[in-house]
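Subject: Structure for you to look at

Hello,

Here is the structure I said I would pass on. Please open it beside this email and follow along.

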Amino acid sequence: MGTGASRNSDSSHGNDGSERGGEDHSGGQLYVSLRMENYKLNGDIIPHVFGSVPLIGSWDSSKALAMERESTSMWILSFVVPPNHETLDFKFLLKPKYANTPCIIEEGSNRLLSGGILQGDTRMAAFRVDTESDDLLEYRVFVEADRVSPFDLAASWRAYQENLEPSTVRGIPDVSINAAPEVGVEVLPVTPFSPCLVQSGSSASLELDLEHYVVPAPAAFANSGLVYAANFTETPRSLTCAGTFSNSERPSSASHSHNTAGVSTDRTATRKEMEVIVPDPSKINPTSGMVESKSVGTFSPFQRQDSHRGLFVDRGVGSPRLAKSVSASTFATSLKLDSDSKKNAIPEAAGAVAAAAVADRMLGPKEDRHLAIVLVGLPARGKTFTAAKLTRYLRWLGHETKHFNVGKYRRLKHGTNQTADFFRADNPEGMEARNEVAALAMEDMISWMQEGGQVGIFDATNSTSKRRNMLMKMAEGNCKIIFLETLCNDRSIIERNIRLKIQQSPDYAEEQDFEAGLEDFKSRLANYEKVYEPVEEGSYIKMIDMASGQGGQIQVNNISGYLPGRIVFFLVNTHLTPRPILLTRHGQSRDNVRGRIGGDTVISEAGELYSKKLANFVEKRLKSERTASIWTSTLQRTILTASPIVGFPKIQWRALDEINAGVCDGMTYEEIKKNMPEEYESRKKDKLRYRYPRGESYLDVIQRLEPVIIELERQRSPVVVISHQAVLRALYAYFADRPLKEIPHIEVPLHTIIEIQMGVTGVQEKRYKLMD
């Protein structure tokens, strides 16, 4: 079939280098990569290569070299061609992975590789799988050749040996727990770089007072636990700081005339009045349902709309793509993100969020493109706290979301010194004033949605059906309303919330007598209770006794769409139980020392020291929290960092793995800049959306972290998360309510612990730096 000898190239190493355009090949060797590509082939058939020296030196098919799978459709074989064998002939063949059936040799004559160039028209390899059929199985063939010096080859081999070490954590299960240590001695697992025992007086020990290690937190973190949550809501655009109206600032597109005393709404002639029908509970459609504890009711199907059109889908750095509906006939080939397109832009997100946004936009009515979550409930039921958490969650997912607090509007318009009489239902002046500021807040929210906003959180008591009907009429044709009612029957929780209200609310900032303020607020609460009407109209979600995180109910009615479904799922898992969440990067790894990204190397000596310090810190900080847990990624540098921690269950999360750098994995940024300048510049321009070739973007990381966020919200005990820089940036941004564009630039240093304290007063942060 072929000769066993290879043919030498007499002129390939001549001093004048005439065969290669004058290039001097002295001392260089040819490095060749053969690739075969087929998208339809399954993994049970493996391509092989056989032929003359230096590949095999034999045309015996049983000795053929197997190609390695590089991707789902691509196979590769790389080898070095010695200087005296720069011309060789070979063939491809296919071998079954498991069966003993004969191999299939490619059709045609032998392939000839001379000087790294594949001779002839050999871009396809054809195989006759069935001898009785004329059908051929075809592969695309690629050849890459480069001349390298022996020194470069030796360096590459050393790098290969260093970077592809066997995992040291292969035997550790996904869920494990170390036994508690003996008193006075800290027991550490045996690793290649750590001793078995560390006495309490070693360099890994910590000061008794952990406050010694506290360092300042970033100024940008909103310590909502120290400030009334409503102060972080949207600043009213319809009111000035002095509390007067500014009609010139009110957009004409959202201008309405309201008779707030009678709760009537005069709208432009082009807008259709909406008749609100309160459903009979016995005739409610099948989509309504009650959900006990952690279950979610069945959602109704999408509503269809005929006016489909092209949508801009952000897939990362690159050219815009068009999502085309089946009914559309023509599309523009270029898109400009001007003010008009921004109004209907897809959320700045990836994966499921972007896909759902496209589906909802194309299948749902126009007003469903904007969603208003209207809070309902008596004072001191946690409405503002729930609204703030929901706002933070939706922003983090990539949805343009704002929190509109009617109480803030009231204080700006009418001051903070209103007594309980102002909130009586039989006080016409007070009723008119409160309906007026509610209408102004609703107008501002609708105007913001018309400018590109997606989800508005409307935070007020909205305790009567008359008020809610007013809001529904204002929303007609502009946005879809979902009422979110918070009900609490636990008197201890209500009393605690009332006291926090007196301490934090600007309404009582000037009240020196705490008991007098407490009495006034209870009178205000009684005024609301007299006229309170539970939600029975429209689409709604009812949270009943969910604050403790133990039991409770969620009731849903007429809820459909991806985003409302995600909101229900989030609310099912959220509660007010105080607990700390500790975020920290793994100890310094060998790749950190080399400046290489990605990889799966072990930790360095400094990383070993930090792992011991971290174990001591966790033991001191969580000594009374025996139900705490330790979460790590599946990469060995986080698992080794957690290994000295004893007495707590350790759970490996694939979702906590570092951002996938794709083909850049293991490279330094200087190497990327030198060898892949276009990729380097693309990443530099937009780190949030940039996706490494065959890797991930920050938006991809956020999407895979959503289950982690939901589980952190659901947990009632402390959690220590040991992960990686990009992942912790995304997690930290959720708790700190940082904009998406800031996530790639958040500082998360090595050997530092970020403590997030979650509870009824909001989110607070403290940082501990255990070592440099």
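Does D737 count as buried, partly exposed or exposed? D737 counts as partly exposed, because its relative accessibility is 31%. Here, buried means under 20% relative accessible area, exposed means over 50%, and partly exposed is what lies in between, with a 1.4 Å probe and protein chains only.

Some ground rules come next. The model is predicted, so local features need pLDDT of at least 70 and side-chain atom pairs count only at pLDDT 80 or more, while totals for chains, interfaces and linings use all residues. Residues are numbered from 1 along each chain as its sequence is written, and side-chain values use heavy atoms, with hydrogens and water left out.

Salt bridges

A salt bridge is a side-chain nitrogen of Lys or Arg within 4 Å of a carboxyl oxygen of Asp or Glu. The whole structure contains 27 of them.

One of these joins D737 to R395, with the closest N and O atoms 2.9 Å apart. R395 sits in helix α4 (residues 383-397) and D737 in the loop between α17 (725-736) and β31 (752-759), so this pair ties together parts that are 342 residues apart in sequence. Helices (H or I, at least four residues) and strands (E, at least two) are DSSP runs, numbered from the N terminus. R395 is also partly exposed, at 31% relative accessibility.

Another salt bridge is formed by the side chains of D507 and R411, at 3.4 Å from N to O. D507 is in the loop between α8 and α9 and R411 is in helix α5 (residues 406-414), so the pair links distant parts of the chain, 96 residues apart. Both ends are buried: D507 has a relative accessible area of 10%, and R411 has 11%.

E495 and K522 also form a salt bridge, their closest N and O atoms being 3.7 Å apart. E495 belongs to helix α8 and K522 to helix α9, so parts that are 27 residues apart in sequence are tied together. E495 is partly exposed at 26%, and so is K522 at 34%. Salt bridges with shared partners also join R410, R411, D507 and R524 into one network.

Helix α8 against helix α9

Helix α8 (residues 491-504) packs on helix α9 (residues 514-531) at an angle of about 120 degrees, and their axes are 10 Å apart. Axes are lines fitted to C-alpha atoms, for helices over the stretch in contact, and angles run from 0 to 180 degrees between N-to-C directions. That angle makes α8 oblique to α9; under 35 degrees counts as roughly parallel, over 145 as roughly antiparallel, 65 to 115 as roughly perpendicular and the rest as oblique. In the contact (heavy atoms within 4.5 Å), α8 supplies E495, I498, R499, K501, I502 and Q503, and α9 supplies F514, G517, L518, F521, K522 and L525.

Helix α4 against helix α16

The axes of α4 and helix α16 (residues 698-714) come within 10 Å and cross at roughly 160 degrees. That makes α4 roughly antiparallel to α16. On the α4 side the contact is made by K389, R392, Y393, W396 and L397, and on the α16 side by I702, Q703, L705, E706, I709, I710 and E713.

Regards
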